[in-house]
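Take a look at the chain below. Then read on for a short tour of its layout.

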Amino acid sequence: MSLRILIIGGGGREHALAWKLEQSRLVEHIFVAPGNGGTEFSAKVSNLILPDASFPSLVKWAVENDINLVVPGPEQPLVDGVESHFRKVGIPVFGPSALAARMEGSKAFSKSFMTRHSIPTAAYRVFAASEVDKAIEYVRACGHRVVLKASGLASGKGVLIPETTEEAVAGLREIMVAHAFGSAGDEVVVEELLAGPEVSVLAFSDGYTIVPLPAAQDHKRIGEGDTGLNTGGMGAYAPAPIAAPVIMEQILRETLKPTIDGMRKEGFPFVGLLFTGFMLTESGPKVLEYNVRFGDPETEALMLLLSEETDLAEVILACAERRLDSVTLSFRPGFAVSVVLASSGYPGSFEKGKAITVGAVPSNVVVFHAGTTKTGDVVVTSGGRVIAVSAHAPTLQEALDCAYVGVEKVVFDGKVYRRDIAHGGLKALSAEPTGLTYAQAGVSVDAGNELVEAIKPFVRATRRTGADAEIGGFGGVFDLKAAGYTDPLLVSGTDGVGTKLRVAVDAGIHDTVGIDLVAMSVNDLIVQGAEPLYFLDYYGCSKLEVSVAADVVKGIAAGCQQAGCALIGGETAEMPGMYRPGDYDLAGFAVGAVERAQLLPRPDIAAGDVLLGLPSSGLHSNGFSLVRAVLARAGASYAAPCPWDPTTTLGRALLTPTAIYAREVLPAARAGLLKAMAHITGGGFVENVPRALPKGLGARIDVAQWALPPVFRWLMHEGAIAPSEMARTFNCGVGMVLVVAREQVDLAVRALADAGQKVVYNMGEVIASPGVEILNDRLWNN
C-alpha cells in the first residue's frame, strides 16, 4: 500500500513525525499543513499552505489529492473534531474523536473520568469562573498547597503553582476574574500539590491495545535550575532513569490500561497517541494530566529512539485501523535528548524574522524546525520556540554532548536555550539506588486501613448473640454456648458468586454481590437445618479501590443481617499483577449449628412425599457464563433499559441479589415439618434436587405449577435455549425446594407463611425411581 499522508501542524513535533515517516517504505508522499521552514527536507515531503485552512477545505483538498492517512499534530484540531470530518469521507485519522479529545480539552472532564475509573490522581475540586468566592474559601480551608489549572486548552501554559495561600487567591482571581487564560479558565481545577519527579509517557492505542514508548522527562521552565516562567517545553530526554521497569509496569497496569478500557466502555474509544503526565509520588505514580497527541519537545527525542525496524507509518495505520496488536514496536538502546532554542523574550513577547543558519552537525544529531519560516532561500524565526536539536547516543551524557555540539551549529540573533537539560537524569544515573517501598510495589497499607474504618459500621450492624462483630483482631470469636445450643453439630460451607462477579465489574454495580456471597454459603447451611452463626469473607484484587471494596462489604453485611449471622472477620488481599485492573474476586465462608436431632436430610424420605418450591428473586448466582453469552448474542448493554422492567437497567436487573431463606424456613425445620431441602444453584433442578434424596429415589417436577419469571423467558428467547437446558442450568423461578410428608403439607405451608414466606408452590413429588422428571416444560416455549 502506498501512503499519501497529511500531517496537520507546523511545529517541531510535526517535523520530527515527518522525518520518521519519510523513512517508511509504505510512504509515497507526505504533506505538512502548513509546515515550517525545515519540513521540506526531502523530495517526499511538501508543505501545504491553503488559502482556507478550515476543516472542509482540508478535507476537499485531501480527497482531490488521494490522501489516505491523516495525522493531526496539535491538540486544538482534535478537540474541535477534525477526526470526524475526515472519517465521514473514509480517510483514516491517527487521532481521537472530539468526544475522546475531551480528555485534554477539559481538565474537569478528565479528572471526573479518573475518579469514575479509580485512576490514581491528586485530590481536586472544580469551580466555575462565577464561583471565585467558593474557590477562594476552599484554598483557604483545604489545609494543603494547591495547583490551579484552567480546565480548557491554554497552549500548555494554563497552570499556576502558587507558593502560599495568598498567591493561590491571587491566582484564582487572575484566572477567574481577569480571565488571564481566556475561555480556558471558564472552569478551574484546584488540585492538591503532589511531590515527586515528573515523567511523561506517550503511548500508541487503537482503542483496545495500548503500547507505551520509553518514559520521557521534559523541562517546562524557561530558566536553568527549573526557574522562571512556564513554557511549552525547553527540552526533553528519554528514557528517564527514574521510570524503572517496575514503575512502567505499574503505570501500564493502574493507569494506561484502565484509561483505554474506561474510554471504550463509556463509548468514546481512544485511537491515536495518548500522552499522560505523571508525578512519581511516594505512594506510586499519579496522573497529572492527559494529552491526546504527541508531546513537544518529547517527540523530537522519542523519534530517535524508534528502531530502524519500527515503521512509524505502519504503526500509525495499524492504530487507525484498530489492529495495533498486529505490528511490533522496538526501540534503540541508549538515550535521546532534545534541546529547544527559543527567541529572546519567550515566553513573553519576542521579535520575529531573525535569519537562521545551520552548520554541519554530527551524524547522530538531527535539527528539527519549529517556529521558522522560509522566505526564498532564507530561513527566519517566526515563533517563540524556534529549533529543537536532538541527538541519540549510547549514554545520556554522550547524547547531551552531541546535542549541545549541534546547538552551537545553529545561529540566529537572540538564541536562548537551557544548558542543563537532563540534569535530573544525570543525577539519577549517578545516585545510589534507593530502597523500594511497599506502595511502589503496588500495595497500599493506607488504603487497607481506610477500608477497615469505612466498613466497621456495616460490620457492627451484624452483631448477634454469641458474637460482637468487631474486626481488626487476628481471628473472629463466636460463643456457641451463649447462642443457646445443647447438643449442636457445626455445619460449614464456602462459595463464591461465579461469573456474576464479571457482570458486576463490567456494569460498575458493586453493592449487591456481597449479598450473593453470603446467600450462596448460608443457603447451603440451611438445607441441613443449620442456623447461620457467623460469616467470613475474602476479597482479592490487584489494586484496592476503597469505594468499591466498601460497597461489596456493605452488601456482605446486609446479607449477614438477612441471614441472622455475624460478620466476624475477613481478608483483603491486594496483589499487584494477579488480576486485571478494576477486577476483584470474592469468596465466602459460613458456619452454622443445628441440634443433632434436627439435622437434615432425615432418613425417612419416601416416595409420595411432596416437593414445595420457594420463589427465587431472579437468577441468583448461577448460570452467568450462559447469561453473558446470551447478552453477547443479543448485543445487549448492561446500561440499557431492562427489556422486562423498563424502570431499571439490564445490568441492575441481572444483579438482583440471591434470596436468603434462613428466617423463612428454619422455624418449619425446627418444628419437624421438613424432611429435606435442596438449594437450587448451578445444575438447576436436575443436579440439585437429587442431592437431598436417598439413593434410589427421584423427583417429578411439574413446572406448570408456577409462572416462569420474565428474566428466564427473555434469556430463553434471546439465546434460543431449550427447556431441558434451562432446567439443568437455572433455578427457573424456584430457589429452594422443600421435601414434606404429604399429610404435613398444610402445616408446613402455614409455618412458612407465619415466618413471612407467603408464596409457596406445590411443585411435585418424590418418586421411587432415581433422576428428575420435568413435566410440562414445553409450556416455557409459549
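## The whole chain

The model is predicted. Its chain has 782 residues, and 55% of them are buried. The secondary structure comes to 24 helices and 35 strands. Along its principal axes, the C-alpha trace spans about 110 × 55 × 50 Å.

The accessible surface of the chain comes to about 31800 Å². Carbon and sulfur atoms hold 52% of that surface.

In soluble globular proteins, nonpolar side chains tend to be buried together. Here the largest nonpolar core has 104 residues. Tyr584, Met677 and Leu738 have the most contacts inside this core. Helix α17 gives the core its largest share, nine residues. A second, separate core has 72 residues, among them Ala100, Ala203, Val389 and Leu400.

Which residues does Tyr584 contact, leaving aside its neighbours within four places in sequence? They are Leu501, Ala504, Val505, His510, Val513, Tyr539, Gly540, Cys541, Val548 and Val552.

## The second largest pocket

About 1100 Å³ of space lies in the second largest pocket. Its lining has 39 residues. His117, Lys265, Val505, Pro581 and Gly582 lie nearest the centre of the pocket. Val505 is also one of the contacts of Tyr584.

Which elements supply at least two residues each to the lining? They are α6 (107–116), α9 (245–265), α15 (500–507), β25 (531–541) and α17 (546–563). Helix α9 gives the largest share, eight residues. By class, the lining has twelve nonpolar, 13 polar and 14 charged residues.

## Inside helix α9

Thr255 sits in helix α9. Is Thr255 buried or exposed? Thr255 has a relative accessible area of 1%, so it counts as buried, since the cut-off for buried is under 20%.

Leave out residues up to four places away in sequence. Thr255 then touches Ile119, Pro120, Gln250, Thr276, Phe278, Val287 and Tyr290.

## A covered helix

Helix α10 covers residues 298–305. How many of its eight residues are buried? The count is eight of eight. The buried residues in α10 are Glu298, Thr299, Glu300, Ala301, Leu302, Met303, Leu304 and Leu305.

Terms used: Residues numbered from 1 in each chain as written. Predicted model: local features only at pLDDT ≥ 70, side-chain atom pairs only at ≥ 80, totals over all residues. Heavy atoms only, no water. 1 Å grid on protein atoms, 1.4 Å probe; cavity = no way out; pocket = protein on both sides within 12 Å on 5 of 7 lines; lining within 4 Å. Points joined across faces, edges and corners; volume = space filled by probe spheres on them. Helix = DSSP H or I, 4+ residues; strand = E, 2+ residues; numbered from the N terminus. Nonpolar A, V, L, I, M, F, W, Y, C, P; charged D, E, K, R; others polar. Buried < 20%, exposed > 50% of the residue type's maximum accessible area, 1.4 Å probe, protein only. Areas by Shrake-Rupley, 256 points an atom, 1.4 Å probe, with all protein chains shown as cover. Contact = heavy atoms within 4.5 Å. Core = buried A, V, L, I, M, F, W, Y, C linked by side-chain atoms within 4.5 Å.
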